[in-house]
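Hi everyone, thanks for making time for this.

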Amino acid sequence: MTGEPGALDRRLSAIVGRHVDVHRVPGVAACVVAGDETVWSIGRGFAELERGTAVDERTAFRIGSITKTLTATAIVQLRDEGGLHLDDPLVAHVPEFAAVRNPWGPIESVTLRRLLTHEAGLPREAPGLDWTASTFPTTDQIVDELGRVELVVAPDARAKYSNLGYQLLGEVIARVTGVSYRAYVRRELLEPLGMYDAGFEGEVGSADRLASGHYPRTFSDTPPVAPARMKGTDAEGGLLASVAGLAPWASLQFRTGGSERGGAQVLAGPSLAEMHRPRRLVDEGWTEAQGLAWYCTRTPSGIVVGHTGGTFGFKSRLVFHPGARLAAIVLANGEGPAGSLAVELLQAAIEESGPHRACEPGLPVAPPDPYRELLGLYAWQDLSEPARVQWREGQLEIVWSPSDVHALDPTDDPLTFVIRDGSEAGEPCAFRRGTDGEIVGLRIARWQLVRLVAAE
């Protein structure tokens, strides 16, 4: 990080201390991640008030709906592997869903993509769930009772948050892979990323490491202890983690160009970027948009991406700035505004590190050998509007101007790429060889460019 040594630590620690004091939250764990490194962390307050157990970076909290980002990632993994398509109707994978009533049309309009973006029109919770009676059906019971479900909003009409939708996505993962949701997430996400301080009920540490959740204070200074999570489902909110356990998940989100910067690449870079991309505005002020599980929010430092969580006396948020490669994680065992605290910590880290500077630059990553011959300056055949093909931050790019830069994603053909975004998104970018075997030009869609200068 840039800036005065210790300045970031003092500033962030003061922000957390003020939050705990003002909101009287029993305990908070927080960290800031820069690229693949945790550059700051803190534990403040108590994981368990009765015994006075202090919070630290390895204290486990229930992270609630942040779990949905793992569920969505697993679905996109399976899409990339050919196991499913995001536009598959849910009923194609869970035939029992045919019993659900859709007053607006065929049940096939409920697709996996619409479940991921909360646009399927499902109610928030499953039938049979009763918070007052502490009745929480298992996934098997939910599937058996789908005949009691009716869509409450027309699919694709507007955003309608649904825990039920993500519970059913967990069932899709289990049916497509042939293993339980927990087993798949552990094998394909937690273990490869080194998220050893993350898991589901009974999988994370000892009872001493799991913080007690607390409801707001009412008639005394002692906040009531919340009951353990009694939901019989995992995919919408069942994960437990410490800030140390979640830090690798934050780092993964910066690998949209591939794995060249270090760390496991459990999802292809373009697919990660696709998950972060806004798909639907969710408020009239155009300040928040929905991606694939992730939410995109306008802040003073630009667009940040993240997700909140809340369950049985716990609040949490993970938020990151893709351009600055900085993330903040806040886990609390009380009812304070963990979401706004995470954004404040992220904003402070961005300000202390300078504009879009997450950490001191490391060694540059050289382009792979097959890409070296492609780099250079290209132009239309009338020599107007030159374009530069370059290698930056582990990604091959075509540059028309400083503000018009587009990633080139590889295909099975080593000379053909797909333009990731912009007006030519999805179009092929195919390099051409001359009779001597040298690269002489490229073709984008129907247009030809000639090579002017090769990179040294």
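Let's begin with two terms: helices (H or I, at least four residues) and strands (E, at least two) are DSSP runs, numbered from the N terminus, and two strands pair if DSSP finds at least two bridges between them. What we are looking at is a predicted model, where local features need pLDDT of at least 70, side-chain atom pairs count only at pLDDT 80 or more, and totals for chains, interfaces and linings use all residues. Residues are numbered from 1 along each chain as its sequence is written, and side-chain values use heavy atoms, with hydrogens and water left out.

How confident is the predictor? The score is pLDDT, the predictor's confidence in each residue, from 0 to 100. The protein averages 89, and 93% of the residues score at least 70. Over residues 355-361, though, pLDDT stays under 50. Where pLDDT is low, the predicted coordinates should not be read in detail. In that stretch the model has 14 contacts beyond four places in sequence, a contact being heavy atoms within 4.5 Å.

In what order do its three strands come? The order is S4-S6-S5, in an open sheet with antiparallel pairing. Strand S4 (61-62) and strand S5 (198-199) are the edges, each pairing on one side only. S4 is joined to strand S6 (residues 240-241) by two bridges, and phenylalanine 61 has alanine 241 in S6 as its bridge partner.

Next, strand S1, residues 27-34. I'll be using the word buried, which means under 20% relative accessible area; exposed is over 50%, and partly exposed is in between (1.4 Å probe, protein chains only). Eight of the eight residues of S1 are buried. In a regular strand the side chains alternate between the two faces of the sheet. Here, Gly27, Ala29, Cys31 and Val33 point one way, while Val28, Ala30, Val32 and Ala34 point the other way.

S1 has antiparallel partners to look at. Eight bridges join S1 to strand S2 (residues 37-48), with valine 33 opposite threonine 38. The hairpin of S1 and S2 has two residues between the strands, and glycine 35 there takes a positive phi near 60°. Seven bridges join S1 to strand S12 (residues 326-332), where leucine 331 is the bridge partner of alanine 29.

On to helix H2, residues 67-80. Does its length agree with what we expect, or disagree? The expected span of a helix is 1.5 Å times one less than its number of residues. For the 14 residues of H2 that should be 20 Å, and the end C-alpha atoms are 20 Å apart, which agrees.

Twelve of those 14 residues are buried, so H2 is largely enclosed by the rest of the structure. Among the buried ones are Leu70, Ile75 and Val76. The cover includes helix H5 (163-177), helix H7 (243-252) and strand S10 (302-311). Lysine 68 is one of the buried residues of H2 too, and its charged end sits over the ring of tyrosine 166, 5.8 Å from the ring centre. By the rule for this, NZ of Lys or CZ of Arg is within 6 Å of the ring centre and within 35 degrees of the ring normal. Just after H2, glycine 82 takes a positive phi of about 85°.

Finally, the aromatic rings. Rings of Phe, Tyr and Trp (its six-membered ring) pair if their centres lie within 6.5 Å; planes under 30 degrees apart count as stacked, over 60 as edge-to-face and the rest as tilted. How many pairs does that give? The count comes to ten aromatic pairs. In one of them, tyrosine 371 and phenylalanine 417 have ring centres 5.5 Å apart and planes at 70°, so the pair is edge-to-face. Tyrosine 371 lies in helix H10 (residues 369-372) and phenylalanine 417 in strand S17 (residues 416-419), so the pair ties together parts that are 46 residues apart in sequence. Tyrosine 371 is buried at a relative accessible area of 15%, and phenylalanine 417 is buried at 1%. Both belong to one aromatic cluster, together with Tyr378, Trp391 and Phe431.

That's my tour, and I'm happy to take questions.
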